[in-house]
Amino acid sequence: MELHTLTIHEAARMLEKREISAIELTDAVLERIHTLDPLVDAYITVTADAARQRAKMADQMIAKGEGGRLSGIPLSIKDLICTKGVKTTCASRMLEDFHPPYDATVMDKLNAAGAVMVGKVNMDEFAMGSSTENSGIKATKNPWDLSRVPGGSSGGSAASVAADMCMGSLGSDTGGSIRQPASHCGVVGIKPTYGRVSRFGLVAFASSLDQIGPLAKDVTDAAILLNAIAGYDSRDSTSINRPIPDYTSGLTGDIKGIKIGIPKEYHAAKGVSESVTAAIDQAISVFKNAGAEFVEITLPHTDYAVAAYYLIAPAEASSNLARYDGVKYGFRSPEGQGLLDMYKNTRSRGFGAEVKRRILLGTYALSAGYYEAYYKKASQVRTLIKQDFRNAFEACDVILAPVAPSPAFKIGEHIDDPLRMYLSDIFTLSANLAGIPGLSVPCGFSTEGLPIGLQLMGNYFDETTLLNAAYYFERQTDFHRQKADLSRALNQ
Amino acid sequence: MEFAPVIGLEVHAQLKTRTKIFCSCSTRFGAPPNTHVCPVCLGMPGVLPVLNQAVVEYAMRMALATDCRIAPESRFARKNYFYPDLPKGYQISQYELPIAEHGQVNITRPDGTRKKIGITRIHMEEDAGKLIHDPDRSISMVDYNRTGVPLIEIVSEPDIESPEEAGAYLRQLRAVLRYLDISDGNMEEGSFRCDANVSVRPKESEQLGTRTELKNLNSFKFVEKALAYEINRQIRVISENGEVIQETRLWDMDKNRTFSMRGKEEAHDYRYFPDPDLVPLKIDEDWIARIQADLPELPDQRKDRFMAQFELPAYDADILTASRELADYFEACLRQVENPKLVSNWVMGNLLGLLNAEGKTIEETPISAEEMAELLKLVNDEVISGKIAKTVFDEMVASGKSPKAIVEEQGLVQVTDASAIEAVVDAVIDRCPNEVASYKAGKKKLLGFFVGQVMKETQGKANPQMVNQILKEKLG
Ligand SMILES: [Zn+2]
């Protein structure tokens, strides 16, 4: 049996029964990375030695019967989640050699649960992008078609899960950065409710929108990972103190009577490819068979979501990224004379084009004389969008929508058209603006054989309903079991 | 044309909480550079601020002490600018929704009348670090110990009409801060800083003139001097048909003048927006009531009490309550010596005279309240005269000995034995027949001469009232 193909729940059962050891499992995954990553380029850093050490510890704990829920489970971590002593680059030249002296809260939690981090994975620089092409380090390829992007910004996470180079991953989602790459790579990804997971140690892109979440091989694994990382954290003032349900025991597969809302505005959205429409329609009929009730809902401010998002997120980013000035840590340009030169050269050379574009946008939106018209107006739109969702959830339990208008595109295809890239976030970024949870679950393939994801959005803190609906869907289909065939590429 | 100055002050006061405003680093002053720092106050990637509740409560105390309205919901905002002493590239402050607004403080004008100065707002913010320039190596270094030390900014209404009023307002604010025990209020050490906005308008007009902002005013004296200079400068500019430019000016303490630092065009655009890392701060009535109940007696209240309870004149009460420590000293003395006016005269005269001469504060007094009370008890019980007491006081300062020991050693106990005094009086009268004759002829001023003779004879130890009385009796 090829151990790297296991899901977390399968591996955990075998570890518990001592059919396999954590070190065998970790070695299998490390071997897989060694073989495949030269093709996929998902990893920025592979922490093989530390992983083996932690796997051995996990074996000891399991032997003593003291194993945690993730004991010995190899995971990859998006490279903007701080890992103590392990390089955390945010895929930026600016932090190329930054080793945080602290762990993110989610890392504390994963470590406490016995997880084994095998490495840090690629992303769009500072999570700004939808293709992982904006990485300052390298472009990650989609395992289903190496000439295509894996999506982004958590492209490394999605690709590493899809290619079995880890058993699960943590990504972050600011406008769709977990759900969209999950959709493009045929894995499950969930963006939890804002405040459900601590942001302490997550390098900020847009603080009011960022949320850490899991990418996994199936819904059960996503539920396990979410349980491991969720919870209030006194170090994050925006995390919310309320009980964490056991998400896995909520996976009953019984969704009879569930009300699923279809936003009429999403139906009207232009530029959605035929294959995506077909896969979504297919998914709707699967839910209908389960006795789900479909209702048409309206999210009247959807038209303004992209504009509001691309004011708020860059505005926050322009401030969050001001700390990278060459003074204290990270890259400092040696050129020029004096303070102003140091700032200019450091920030001009340390950041990539997309990051600079967004810093400029955000600085502009916050400037005196423009603040009212841009940032403030966008914040008002945001309030209306929240209200839209509150109204919608009066009528339904979950909202069903596409994740992305089309499957993964070719590397380089849209790189010169940032506006088109921004518009492709239309279905995902509303959930971030509203702060509600959303997930992507595989729901079909395009004619070229590229995975397509189905998005489900839920009410605040109702990840349970969301996961259970996805779980039902997953059990009725086998899309999540299909794997990218990398053997041909390997033999070339 | 006559001109009236219009002055508004912005005061930054460091709060003496044990830890910083958004992390748990110590706020202690004077530690080796970059030893009171952590990832949060260094602005490392991914870390988040967590508001220190003590800072909120300190700010609430100041708000209540200055009659401000505390906002049920306030917000922190980011003030964005680049400077090496600002590790995040923004300062967490409050902007649109400060914690408190619409307050006032009372000042006493130089002529003794009271005046209300309005408080526009009080808000909380974090301090920046400190740049240290090394000219020998032509490099600059940063010390982040001060980064994240809590500050409150207190903004006044433009109600201040002279440099002296500005001084009185600052002293009053500092007194309140110190009574509340929330700030050291030390201008020289930078725990109390002041910027001033000043303009002049023709006396008969309500139309405000263009204002300038004055910075680098790091002592009470400089504030008054800089304001006086700037007011005169503006009047001169206007009188010469010139135009005052809206700008920021720095006080040059060596040249005793202000000079332009930057104009309006170069003013920073701070791009304020609500800090998404911190949730709105909610303060309910219960919390306010708890803080209110905990407030100590404030300078104004103490002054009024001193006047009512101890029957002190306003002048005395004002001076004695100017600092909490001095008022405490006074009341500590009073507990031993129930003679408020005697104690007041001694504390204001001899003690403050000594401290001023030596440039010391009341906390550094060489004579403790207990020692002072012991001395004044001797005066009050007529063991020694006031004159002798002054000698004893000087000896206490010089030798550090207790007043009782000095009086005993030097045999300074007052002579109150009537027969002993009578004997000396008789001897003096015998010795000075001419003066006695003149006195009897109506030259009553000579009484002082006889008193002097008696005191000289007794080395100043005779009770002066008794000497007076006996002399008058004997001289007829
Ligand atoms: Zn700190």
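## Exercises on a predicted two-chain model

**Exercise 1.** Which residues of H13(A) are buried?

*Solution.* Go along the helix and pick out the buried positions: Tyr374(A), Tyr375(A), Ala378(A), Val381(A), Arg382(A), Ile385(A), Asp388(A), Phe389(A), Ala392(A) and Phe393(A). Keep in mind that this model is predicted. Now think about helix geometry: an α-helix has 3.6 residues a turn, so residues three or four places apart point the same way.

**Exercise 2.** What should helix H13 of chain A span at 1.5 Å a residue?

*Solution.* Start with the residue count: H13 of chain A runs over residues 372–395, which makes 24 residues. The expected span is 1.5 Å times one less than that number, so H13 of chain A should span 34 Å. Next, check the model: the end C-alpha atoms of this helix are 34 Å apart, so the two values agree.

**Exercise 3.** Which residues touch the most other members of the largest nonpolar core?

*Solution.* This core holds 228 residues, and the two to look for are Ala470(A) and Ala59(B). Then find the second, separate core of 31 residues, which includes Phe306(B), Ala317(B), Leu351(B) and Phe393(B).

**Exercise 4.** How many residues does each chain bring to the contact?

*Solution.* Chain A gives 36 residues and chain B gives 25 residues. On the side of chain A that touches chain B, helices H10, H11 and H12 of chain A each give two or more residues. The largest share, three residues, comes from H10(A). Sorted by class, this side has 20 nonpolar, nine polar and seven charged residues.

Notes:
Residues are numbered from 1 along each chain as its sequence is written. Chains are lettered from A and ligands numbered from 1 in the order in which they are written. This is a predicted model: local features need pLDDT of at least 70, side-chain atom pairs count only at pLDDT 80 or more; totals for chains, interfaces and linings use all residues. Two residues are in contact if their C-beta atoms, placed from the backbone, lie within 7 Å. Helices (H or I, at least four residues) and strands (E, at least two) are DSSP runs, numbered from the N terminus. Ala, Val, Leu, Ile, Met, Phe, Trp, Tyr, Cys and Pro count as nonpolar, Asp, Glu, Lys and Arg as charged, and the others, Gly among them, as polar. A nonpolar core is a set of buried Ala, Val, Leu, Ile, Met, Phe, Trp, Tyr and Cys residues joined through C-beta atoms within 7 Å. A residue is buried if 20 or more other C-beta atoms lie within 10 Å of its own, exposed if 12 or fewer, and partly exposed in between; C-beta atoms are placed from the backbone.
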